Amino acid sequence: RGLLVVGLLLVPAGPAWAQDALAKQVEALTTGPDYQGARWGLLVVEAKTGKVVLAQNADELFAPASTTKLYSCAAALAHFGADHTFET
């Protein structure tokens, strides 16, 4: 079957040529032989402005892969710290 990767990447603002270079690198990766049949949903935005730098199927719905939880866990760890506990 295919590999599904869903994520949000925040990048610093940069010149248009850097955005073009990023788009070319992403296209080379997502259309490469290792990911034949995969569906990609990507959204890359500038960290300071929120301006969309790159979007590929960003509005489509996906069934999240098991690795998707790593993004939310890393964000919670960075925000709350390693010693924080949640009461449930």
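Start with salt bridges, meaning a side-chain nitrogen of Lys or Arg within 4 Å of a carboxyl oxygen of Asp or Glu. The count by this rule is 1 salt bridge. Select Glu60 and Arg39: these two form a salt bridge, with the closest N and O atoms 2.9 Å apart. The pair links distant parts of the chain, 21 residues apart: Glu60 is in the loop between strand E3 (52-56) and helix H2 (69-80), while Arg39 is in strand E2 (residues 39-46). Those labels are DSSP runs numbered from the N terminus, with helices (H or I) of at least four residues and strands (E) of at least two. Side chains of opposite charge can pair when their charged atoms come close.

A quick word on the ground rules: this is a predicted model, so local features need pLDDT of at least 70 and side-chain atom pairs count only at pLDDT 80 or more, while totals for chains, interfaces and linings use all residues. Residues are numbered from 1 along each chain as its sequence is written, and side-chain values use heavy atoms, leaving out hydrogens and water.

Asn57 is partly exposed, because its relative accessibility is 36%.

Now select Thr30, in helix H1 (residues 16-30). At 8% relative accessibility, Thr30 is buried. Which residues does Thr30 touch, leaving aside neighbours within four places in sequence? Look for Tyr35, Trp40, Leu42 and Gln56, where contact means heavy atoms within 4.5 Å.

Two of those names lead to the rings. Rings of Phe, Tyr and Trp (its six-membered ring) pair if their centres lie within 6.5 Å; planes under 30 degrees apart are stacked, over 60 edge-to-face and the rest tilted. There are 2 aromatic pairs. In one, Tyr35 and Trp40 have ring centres 5.1 Å apart and planes at 85 degrees, so the pair is edge-to-face. Tyr35 is partly exposed at 24%, whereas Trp40 is buried at 8%.

Last stop: Phe80 and Phe86, an edge-to-face pair with 5.2 Å centre to centre and 85 degrees between the planes. Phe80 is partly exposed at 42%, and Phe86 is exposed at 55%.

Technical notes: Buried < 20%, exposed > 50% of the residue type's maximum accessible area, 1.4 Å probe, protein only.
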